Amino acid sequence: MDRLNAPVAGQTFTRDSELKGFAVRITTSGAKSFILEKRIDGKVKRLTLGRYPELTVEQARKEAHKLLGQIAVGSNPIAEKKQKELQATTLQKAFDDFLLARKSLKPRTLYDYKRLMKVAFLDWQNKPLVDISKEMIAKRHTKMGTENGEAYANLAMRFLRALFNFALAQYEDGNGNSILRENPVVRLTQTRAWYRVGRRQTVIKPHQLAQWYRGVVSLKNDNYSQQSALVADYLLFLLFTGLRRKEAATLKWSDVDLGGRSITISDTKNRQPLTLPLTDFLYDLLQNRKATSDSDYVFEGKGKSGYLVEPRTQVQKVIEASEVSFTLHDLRRSYITIAESIDISAYAIKRLVNHKMSSDVTAGYIVNDVERLREPMQRITDHILGSIRSYAS
């Protein structure tokens, strides 16, 4: 063994003269490993027994004899080794593989998933998937519901369900059978244990619009702060477009066509680009903002991202000034509610707020034309402004 030299390139094999299939493999780095070659299930397979000198020739030969005996009675050492490795797959390993497979996850979704792994399932990260039982799932769901809130508990378990569904398809033995019998999160469905968490229904009511509008405008007089004035325009922009907070915050001037009176949102939640017409109100707002902007973003921010991230301070000021409690997503809900209340067609509303219509056959025949949306969007704007004037007087 000591006199065997490393090859200049590739690898070489020195066969044993006594035991057929037993050999030592030598690489260019000089590493020497004992191997056994044997036909298994009709194909010649190569099994690595161990390295020299950690394993002696005598020890390696004994291990080779042992494996040959197992093969002789119908065992498949390679498949059994793979099965053991698969059975040891941890939750963290599955999550790492999941991220490699799901290359198109949005940054926010990726952040949320990583956060759940670190917080909700920190003590399970190194636990083999096969050891996470239905009972453990049920207890953890109840515990999180009590300590972290029912919505959070459901969110965490929906993520875990997706991870186990991935593992069911990803990790299979040599016969194509999954190492998991089923997804353990199914226990919550079987026992109807999911928490009933209703969709938030909070909106700015018609009689509150004037108060809210005054509160927003007051930001423009907030010690002549440019940042407060920017947030005021941002809040108005959200209400009058129905856009999601990040869709509006990441809008660039290159996405704004003042000449054509339209804006285009490329990075949307459903990955379908959205082009919206600009109403008179929005056109004036953007023109005024353009005159004072030297950023690539319409609503610039002070952080590394370059765009407005979290205007908590200004939102709280509006709430205090107007006595109207709201969240940024309430503005989107308000826009949709107003659109429905003035009988804008369901198809137009879905187009305006970029909701998917993949299951609607009729919707597939409707051409998504920005000009088709100009009239309904102007009607929504006029109604909002009318409500503000009506309750302000």
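## Strands and a pocket

In strand E6, Ser 262 is the bridge partner of Asp 257. Keep in mind that this is a predicted model.

What lies between them? The hairpin of E5 and E6 has 4 residues between the strands. In this hairpin, Arg 261 takes a positive phi near 50°.

E6 also pairs with strand E7, residues 274–277, through 4 bridges. E6 and E7 run antiparallel too. Here you can follow Ile 263 to its bridge partner in E7, Leu 276. The table puts the two pairings side by side.

| Strands | Bridges | Direction |
|---|---|---|
| E6 and E7 | 4 bridges | antiparallel |

The largest pocket holds about 2,500 Å³ of space. It is lined by 50 residues, and the closest to its centre are Arg 108, Asp 112, Arg 245, Lys 269 and His 329.

Which helix gives the largest share of the lining of the largest pocket? That is H4, with 8 residues. Helices that each supply at least two residues of this lining include H4 (107–119), H6 (150–170) and H13 (328–341). Sorted by class, the lining of the largest pocket has 21 nonpolar, 18 charged and 11 polar residues.

How values were computed:
Residues numbered from 1 in each chain as written. Predicted model: local features only at pLDDT ≥ 70, side-chain atom pairs only at ≥ 80, totals over all residues. Heavy atoms only, no water. Pairing = 2+ DSSP bridges. 1 Å grid on protein atoms, 1.4 Å probe; cavity = no way out; pocket = protein on both sides within 12 Å on 5 of 7 lines; lining within 4 Å. Points joined across faces, edges and corners; volume = space filled by probe spheres on them. Nonpolar A, V, L, I, M, F, W, Y, C, P; charged D, E, K, R; others polar.
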